[in-house]
Amino acid sequence: MPGNEAEPRLPAAFWRLWWATGVTAVGDGVVAAAIALLTVTITRDPRLVSVVSAAAYLPWLLLSLPVGAIVDRCDRVGLLRRSQAVQAVIVTVLAVLAASGRLGIAMLAALAFGLGACTVVSANAAQAIVPNLAAGPLLHTANGHQQTITTIGREFAGPMIGSLLFAVAAALPFGVDAGFLTLSAVLLATLPRRGPRRDRHPPMRTAIADGLGWLARHRLLRTLALLLGTNTFCAHLANATLVLLATQVLHLGTRGYGLLLAGAATGSLLGGLVGARLITHFGAIPVLLAALTANVIVFVGIGLSPNATALGILLAGNGFVVTLWNIVTLGLRQQSVPSGMLGRVNGVYRMIGWGLIPLGALAGGLVAHAFGLRVPYLAAGVLRGIALLAALPILIRSFRTGAATSSGETDRH
């Protein structure tokens, strides 16, 4: 409460990271909307649209393990800045090619892959930085703030700005993102530099194996990683052709598509604002179970949505529960994993959790092409329900034993 001097406060360094995260997130949202709209100006084939989406997420499968080991070896702030510098170069190239009108699906997919690779590095590094700036009881609050500003930028402000800029000129959103990345780099330069331990690092293969072994022995986090993998596969099975569902079935224009994404982000924003309070009041695992159950219902509802208004409301509900999931699971990892291994374990976790996204996106394109643009959401809802039922015994047991807040909840072999 304001005026309570005993209440701990987040340090100034965290807020500088928060501002850098927000600036970058706006740029990411601008580019995400622009790439989706640019793709449908090149092709309306759901299979080719899904190829671009798959390419953007393929780095999570190919690069997560080595990137996780690198994050534990390097100065994480410096690594974050370098990844954003490369990202700025890629969006500049995108701006030039979009302006020239010579951008094809193959080149767009290749550049989307490059942006995805930068995201693998920056996301892992940023998550490993947060515990150094906001430890202990402030961790869920810090993660909630990060989720909120990321949502505002990537899903609310960014897509609206990107759609409006794209309507003016196809190259404009990418040039604007290059400016946002430059501003973020300036903010990151003010953060304290915290390098890894100075003892000798094991070989890369050994370091990766250590991360794999640690996660394999932790029953709860292992289960959450597998559940995340299934859920993200389903999410991109459904969402890979969302731009086609919105523009072709529901007849939204360029600006309408941006407004749809912005409306959907309202739920994510609310989740970021209230997530930490819900977790404190009800507990991490109950909030997690409620979010997972609600998401099954939401996906089926999206597949049946009769108009753009209903679709926007359901997408907002999806954003709300996904944000709750992110806050809970990120906090569990940050609290459970030793600091010196956080990058490696995050790398393994994200490889399992996000590695199937490209397959989900490609499957979504094939399903939409064969059965219609609504069917991927219905299929995704059913698959997520089956996965939840399979994981439910372990999640309930963790809730009953209090293992969700224990760093020692590992299998005994």
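Over residues 403-410 of this predicted model, pLDDT stays under 50, yet the model has 20 contacts for this stretch beyond four places in sequence. Where pLDDT is low, the predicted coordinates should not be read in detail. For the protein as a whole, the mean pLDDT is 83, and 92% of the residues reach 70 or more. A further stretch with pLDDT below 50 covers residues 1-7, for which the model has 1 contact beyond near neighbours in sequence. Among the elements of the protein, the lowest mean pLDDT, 78, belongs to helix H10 (residues 254-282), while the highest, 91, belongs to helix H6 (residues 172-188).

Several residues can be set side by side by their accessibility.

| Residue | Relative accessible area | Class |
|---|---|---|
| Cys118 | 7% | buried |
| Cys234 | 1% | buried |
| Thr39 | 3% | buried |
| Gly347 | 1% | buried |

A search of the whole structure for disulfides finds 0.

Thr39 is part of helix H1, which spans residues 12-42, and its relative accessibility of 3% places it among the buried residues. When neighbours within four places in sequence are left aside, the contacts of Thr39 are with Val49, Val52, Ile105 and Leu108.

Gly347 belongs to helix H13, which covers residues 342-354, and is likewise buried, at a relative accessible area of 1%. Although Gly347 and Leu61 are 286 residues apart along the chain, their C-alpha atoms are separated by 9.8 Å. Beyond the neighbours within four places in sequence, Gly347 is in contact with Ser64, Leu65, Gly68 and Asn124.

The axes of helix H7 (residues 204-217) and helix H8 (residues 219-239) come within 5 Å of each other and cross at roughly 100°. Because angles of 65 to 115 degrees count as roughly perpendicular, H7 and H8 are therefore described as roughly perpendicular to each other. On the H7 side the contact involves Trp214, Leu215, Ala216 and Arg217, which meet Arg219, Leu221, Arg222 and Ala225 of H8. Sorted by class, this contact of H7 with H8 comprises 5 nonpolar and 3 charged residues, with no polar ones.

How values were computed. Residues are numbered from 1 along each chain as its sequence is written. This is a predicted model: local features need pLDDT of at least 70, side-chain atom pairs count only at pLDDT 80 or more; totals for chains, interfaces and linings use all residues. Side-chain values use heavy atoms; hydrogens and water are left out. A disulfide is a pair of cysteine sulfur atoms within 2.5 Å. Buried means under 20% relative accessible area, exposed over 50%, partly exposed in between (1.4 Å probe, protein chains only). Helices (H or I, at least four residues) and strands (E, at least two) are DSSP runs, numbered from the N terminus. Contact means heavy atoms within 4.5 Å. pLDDT is the predictor's confidence in each residue, from 0 to 100. Axes are lines fitted to C-alpha atoms, for helices over the stretch in contact, and angles run from 0 to 180 degrees between N-to-C directions. Angles under 35 degrees count as roughly parallel, over 145 as roughly antiparallel, 65 to 115 as roughly perpendicular and the rest as oblique. Ala, Val, Leu, Ile, Met, Phe, Trp, Tyr, Cys and Pro count as nonpolar, Asp, Glu, Lys and Arg as charged, and the others, Gly among them, as polar.
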